[in-house]
2 protein chains.
Amino acid sequence: MSRPAPLSGFPEWLPGGRIVEQRLLDSLRRTFELHGFAPVETRAVEPLADLLRKGETSKEVYVLRRLQEYSDPAAQEKLAELDDKMLGLHFDLTVPFARYVLENAGHLEFPFKRYQIQKVWRGERPQAGRFREFTQADVDIVGDGSLPFRYEVELPLVMAEALSALPIGRVRLLVNNRKVSEGFYRGLGLERIEDVLRGIDKLDKIGPAATLDLLVETAGATPLQARACLELAQLHGADGDALAAEVWQLAGKHGSSSNLLEEGLEELKALLAAAAAAQPGVIEADLKIARGLDYYTGTVYETVLAGHEALGSICSGGRYDSLAADGSRTYPGVGLSIGVTRLVSLLLGDNLVRATRPTPTAVLVAVADEASRGRSADVARALRRRGIPADVAPTAAKFGKQIKFADRRRIPYVWFPGAEGAEDEVKDIRSGDQVTADAATWHPPFDDLWPRIETIEPPTLADSIDTTIDAPKAAFDVTFGDAD
Amino acid sequence: MSRPAPLSGFPEWLPGGRIVEQRLLDSLRRTFELHGFAPVETRAVEPLADLLRKGETSKEVYVLRRLQEYSDPAAQEKLAELDDKMLGLHFDLTVPFARYVLENAGHLEFPFKRYQIQKVWRGERPQAGRFREFTQADVDIVGDGSLPFRYEVELPLVMAEALSALPIGRVRLLVNNRKVSEGFYRGLGLERIEDVLRGIDKLDKIGPAATLDLLVETAGATPLQARACLELAQLHGADGDALAAEVWQLAGKHGSSSNLLEEGLEELKALLAAAAAAQPGVIEADLKIARGLDYYTGTVYETVLAGHEALGSICSGGRYDSLAADGSRTYPGVGLSIGVTRLVSLLLGDNLVRATRPTPTAVLVAVADEASRGRSADVARALRRRGIPADVAPTAAKFGKQIKFADRRRIPYVWFPGAEGAEDEVKDIRSGDQVTADAATWHPPFDDLWPRIETIEPPTLADSIDTTIDAPKAAFDVTFGDAD
């Protein structure tokens, strides 16, 4: 086997990168659980019938075939055929969750709050910047028959709290309400609402002129109607009353008014007011948010990272009324989904953060000679029993070499078991400080116990001018994603 | 959409079951990290060339096709063909890890200790009791060029510690050494070692008579040689010296001796001695352990659950020398893999354990009327800020109904915000105790803070006779895997 190359679209991290990802996921899980969201994990596959039901992404499904079908003559004939019952990898966590709710409704308590953190797959052609495998972290609240509007307010606040706990800088949650868009479009006389939304959804990508053409060509809009849609899409702001006034003014100008528009604006105002009270400056309205998926019926959400708006939305979702429905019951819900891999990829790729070390080990216990390895193992065992991650040096090399072994892994402490009768000593290899210590009582500072995420400060102009500044070198000599 | 049915071979759990699984995985992760194992996650797919290289499982691969290939005429023609570069889902975590080591060797520090917890897939025909998707938890230690034998001792001790921390009763790690088997077989004059091992691996399943036939038919053994192999396979015990004596006696009887046999027995003795010193009663030798995979070269491991031996091995692995090798370097290693899904399936399916509740929520804050919902939300926020999982009641129903809402989810505490000027109160709905409380200072007992795994005691004979015994009813009125 020669040295393998990475597969385009299937990102993997070195251990230090994986530790960063784990810390992010641990943090998200904690926030979700503090808010009472229960964990769910669904299988990776769904029948094609369910995967192909809805939405734009369904064409990017990976279909599964058993290897044995390729050698079994009877099965071979059918290899070029598709069948509803065949299995495909899920492309999001919403479709599987809707199926899970239907399948288990009798055993769940509603309103049901769940979070779900799993890989999803998109069978796209390989191309730069597109992931074919990535991790999503979803939260949804689902009701039995009905779900009050207030959950459309609660959910983005939970998510804002979850995202704010991550070392990713400031996030802005952008919201719109489908009722506002649809009410306005219908008031204009437009009927192909989904086509209009799909057009508006492309606004940021293709610009206003091309969007206008698209609305005329694909959504049956007159140039005047299309222009009105674009004008609506340009409105934004955190002050609900001011925004509503602008919308009403626009509606008046174009003669576009409807009860649905009024209902949507009331909801949007309520959301913005509650958001401003709970977490000022995080949530604002942006009426160009359309979300391509046709199952949304109320509030829709996107999230941008301040300073990284070009990355697009890192967390999106919305209110849906009939995604999960069997013959007799519907389960309306509201959900939000974080694109974790995209986030981690940005953090590691741009060297914004790193793990304080690429291994859990806090203490490396040195080995004086192979005969005393058992003594070193005893120390490590005593430390672990007290919750301190510890490992024993692999060889009884010179202590300088053992310290280097720790240093290469950024393990902060090296422990030297005392010879017969002598006390043990532990050295902080960053500062060089060495003190006597007892494995039954010594404890590292809390910050050193487990690897953490640390922010890497970008070199400032001052650093390049004033060479006397003693910048923390260790923060720069490591390529991230490159554990080290 | 009608109510969907489960897919055979793709197990899913209700939230309470998932909480049990999460707690097991959290516990494993903690033990592995305390021992300095770094986390790695690999992509779900590998090129078929790598998946089909080795081992018995490779024929059970799921091959991936992009949905678009079925509608694109050019791609369609090739749907019945296989190609080395096509992608398949990994069927274990060893093959991907070997590839990961080769790909990233320049960025890793050796000996490299990693753990990896992920789903794997086997494209088998659907059949009862066989999983087609399941979670494995792997630990491996890999060296650059060489790896001392002592890691073959360290790894099962780490695993014994990890398994002992789970609420699964007593585990027994059974070990053998390939050098013992191969040395003995070669001493007998047998050469098709892999075929002999594959035959012996089937012993438990097909019995001694059929195994004897198999060895004669597939491994080129005479009946006498085959019988000798079976005699070796029957030896077992925790006392290395006694076992070695039995093996030498057998080797003498059959004239089967070799340096390899001697080397293997020395290693086995060393392992048993170290194991007895560190964790007496957990590790013993069982010379019928063969492991079907041909890449093992030293110690091999299986693990059974006391009282559930019929379940087969829940944790297996071994020493390998050349699994990961490019042209110039080899990375020998030793690894162990837990079949987590099989374990969880047993625990839930047999009602051996359950989560103390199927939601993280420890406190449900009641709502007196919709006007005061904000006051209840403030209490929940104050509790969460102090690390206490809290949720707000969905409706301002009568308090009795709100308590029932909590009870159905086994949420232990219901909080009643005081009316204007009055103090808040919190009720333990299990005992009925209600006390005044302040959200800024009150804390539940540690055991109630997060859902835990609790063991479900089987009803004893006494329970069915003495009806005056006040058995904890809650432990029996719940079907597990059935969150509640």
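B:Leu157 is found in helix α5 of chain B, and the model in which it is seen is a predicted one. Because 21 C-beta neighbours lie inside 10 Å of B:Leu157, that residue counts as buried. When its neighbours within four places in sequence are left aside, B:Leu157 is in contact with B:Ala275, B:Ala278 and B:Gln279. By way of contrast in position, B:Asp433 is 276 residues away from B:Leu157 along the chain, and the C-alpha atoms of the two are separated by 45 Å.

The buried residues of α11(B) include B:Ala275, together with B:Leu261, B:Leu265, B:Leu268 and B:Leu272. In an α-helix there are 3.6 residues a turn, so residues three or four places apart point the same way. The elements of chain B against which the buried residues of α11(B) pack are α5 (150-164), α6 (178-188) and α10 (240-254) among the helices, and β7 (171-177), β9 (283-286) and β10 (296-305) among the strands.

## The sheet of chain B

Which order do the strands of the open sheet in chain B follow? The 9 strands are arranged as β1-β5-β6-β12-β11-β10-β7-β9-β8, and their pairing is mixed. At the edges stand β1 and β8 (236-237) of chain B, each with a single partner strand, so one side of each is left without a neighbour in the sheet.

Strands of a sheet pair through backbone hydrogen bonds, either parallel or antiparallel. The table below sets out some of the pairings, including one that joins the two chains.

| Strand pair | Sense | Bridges |
|---|---|---|
| β1(B) and β5(B) | parallel | 2 bridges |
| β5(B) and β6(B) | antiparallel | 10 bridges |
| β7(B) and β9(B) | parallel | 3 bridges |
| β3(A) and β3(B) | antiparallel | 5 bridges |

Strand β5 of chain B, residues 112-121, is mostly covered, with 7 of its 10 residues buried.

## The chain as a whole

Of the 484 residues of chain A, 47% count as buried. Among contacts in chain A between residues at least 6 apart in sequence, 71% join residues that are at least 24 apart.

Chain A is divided into domain 1 (15-39 + 101-353), domain 2 (45-89) and domain 3 (359-450). The C-alpha centres of domain 1 and domain 2 of chain A lie 30 Å apart.

## How the two chains meet

Two copies of a chain are related by a rotation about an axis and a shift along it. Here, chain B can be laid on chain A with an RMSD of 0.1 Å by a turn of 180° and a shift of 0.0 Å along the axis, which is the relation of a two-fold axis. In chain B, the C-alpha nearest this axis belongs to B:Leu64, and it lies 2.5 Å from the axis.

The contact between the chains takes 67 residues from chain B and 67 residues from chain A. On the side of chain B that touches chain A, the elements giving two or more residues are α1 (15-34), β1, β3 (62-66), α4 (94-104), β5 and β15 (390-392) of chain B. The largest share of that side, 6 residues, comes from α1(B). By type, the residues of this side of chain B divide into 33 nonpolar, 13 polar and 21 charged.

Do the copies meet through the same surface or through different ones, and what share of interface residues tells us? As 100% of the interface residues of chain B are also interface residues in chain A, the copies meet through the same surface. Where strand β3 of chain A pairs with β3(B), A:Val63 stands opposite B:Arg65.

Terms used. Residues are numbered from 1 along each chain as its sequence is written. Chains are lettered from A and ligands numbered from 1 in the order in which they are written. This is a predicted model: local features need pLDDT of at least 70, side-chain atom pairs count only at pLDDT 80 or more; totals for chains, interfaces and linings use all residues. Copies are superposed by least squares on the C-alpha atoms of residues with pLDDT of at least 70 in both. Two residues are in contact if their C-beta atoms, placed from the backbone, lie within 7 Å. A residue is buried if 20 or more other C-beta atoms lie within 10 Å of its own, exposed if 12 or fewer, and partly exposed in between; C-beta atoms are placed from the backbone. Helices (H or I, at least four residues) and strands (E, at least two) are DSSP runs, numbered from the N terminus. Two strands pair if DSSP finds at least two bridges between them. Domain bounds come from an automatic or database domain assignment. Ala, Val, Leu, Ile, Met, Phe, Trp, Tyr, Cys and Pro count as nonpolar, Asp, Glu, Lys and Arg as charged, and the others, Gly among them, as polar.
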